[in-house]
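Hi,

Here is the structure I promised to pass on to you.

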Amino acid sequence: MNRHDEPVIDVSHVSVRYPDGHLGIQDVSLSLPGASVCALIGPNGSGKSTLCRTILGFTRPTSGKARLLGMAVRQAQKRNLVAYVPQAEEVDWQFPVSVWDVVMMGRQGQMNWLRIPSENDRRLVKAAMARLEIEDLARRQIGMLSGGQKKRVFLARSLAQGSRILVLDEPFTGVDAHTEQSIMSLIRDLRDEGVTVLIVTHALSSVPQYCDHVAMVSRKLVAFGPVATTFTQPHLATTFGDVMADTVLSDTERGVCDRSSAWSLS
Ligand SMILES: Nc1ncnc2c1ncn2[C@@H]1O[C@H](COP(=O)(O)OP(=O)(O)OP(=O)(O)O)[C@@H](O)[C@H]1O
């Protein structure tokens, strides 16, 4: 396991160019410490998902490398150290599986080759569903759920996995204010339990309230660091333009959390 002084997510000079020639990200480096919540923000097409997919091992960097808990991404994945809550569009909601089955998928990497859930697997799945308040949905087909319920199911799956790193791609899209609050409170609890959380979000004025670190991207890394010193007008203006930076900062100062500017960007 990693030494205490080692970053949990360590991205070093990563560039991704897709096979059709499109540049995803260019020369991005950041080191995220353990037990922290980091927002990954930037306009549409700025490379947020590309960076996440590289950290998750779904996309191979053209150059540079990512390491998780001091090991190669693939090795961390094999050890079930990374969990992922995808964007709704990435999921096939017609796939005929129940909520229980989806949450149990979080245990698959730790089952034996027969893939028969143990008593411990069932206990962890039940506990994850209870924590997300979705026990009563256990037998429902996933396609029949609301947007907020779907998010809760995938969060429960990642809880059942019990990983040290959690990556969430736009967890607040399509959820109501109550679900947004409960997702954030769960994320902070997980952080306090030692989990490192990376959140791709367009909910910009929520960032100072909920996150410890922020990474701003515009193909290249514009800025990365503690929210207090990094979520500033100059960095926001470089990433999103002056008007958006001023709107976000005035919303943040007034404590407006943030449905309007979130939706106008997404
Ligand atoms: N599979 C792909 N093939 C080719 N180009 C891609 C692919 N995926 C992303 N891109 C390109 O890479 C760039 C970064 O895209 P990415 O999806 O990482 O941005 P994003 O910040 O997550 O955007 P959004 O906020 O719209 O989700 C864009 O120009 C996009 O068109």
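Predicted model: local features only at pLDDT ≥ 70, side-chain atom pairs only at ≥ 80, totals over all residues.

**Helix α6**

The buried residues of this helix are E180, I183, M184, I187 and L190. Viewed down the axis of α6, they fall within an arc of 120°, so they line one face of the helix. H178, S185, D189 and D192 are exposed on the other side of α6. The length also works out: α6 covers residues 177-192, and its 16 residues at 1.5 Å each should span 22 Å, which agrees with the 23 Å between its end C-alpha atoms. After the helix comes G194, with a positive phi near 105°.

V197 is found in strand β8, and V197 counts as buried because 25 C-beta neighbours lie inside 10 Å. Leaving aside residues up to four places away in sequence, V197 touches I187, L190 and R191, as well as V37 and L166.

**The protein as a whole**

The protein has eleven helices and ten strands. Its C-alpha atoms fill a box of roughly 55 × 40 × 40 Å along the principal axes. A compact globule of 266 residues would have a radius of gyration near 18 Å, and the protein agrees with that at 18 Å. Of the 266 residues, 43% count as buried. Taking contacts between residues at least 6 apart in sequence, 70% join residues at least 24 apart.

**Around the ligand**

The residues around the ligand are Y18, D20, H22, G24, G42, N44, G45, S46, G47, K48, S49 and T50. By class, nine of them are polar, two are charged and one is nonpolar. Helix α1 (residues 48-56) gives the most to this shell, with three residues.

**Helix α9**

In α9 (residues 233-240), the buried residues are L236, T239 and F240. They cover an arc of only 75° around the axis, which puts them on the same side of α9. Their cover includes β9 (213-218), β10 (220-226) and α10 (242-253). Just after α9, G241 takes a positive phi of about 100°.

**Two backbone angles to check**

Most residues other than glycine have a negative phi. E133 is not a glycine, yet its phi is positive, about 55°. E170 is also a residue other than glycine with a positive phi, near 50°. Are these two buried or exposed? E133, in the loop between α4 (119-131) and α5, is exposed, because 12 other C-beta atoms lie within 10 Å. E170, in the loop between β7 and α6, counts as buried, because it has 22 C-beta neighbours inside 10 Å.

Best wishes

How values were computed. Residues numbered from 1 in each chain as written. Helix = DSSP H or I, 4+ residues; strand = E, 2+ residues; numbered from the N terminus. Expected span 1.5 Å × (residues − 1). Buried ≥ 20, exposed ≤ 12 C-beta atoms within 10 Å, placed from the backbone. Arc of directions from axis to C-beta. Rg over C-alpha atoms; globule rule 2.2 N^0.38 Å. Contact = placed C-beta atoms within 7 Å. Near = placed C-beta within 6 Å. Nonpolar A, V, L, I, M, F, W, Y, C, P; charged D, E, K, R; others polar.
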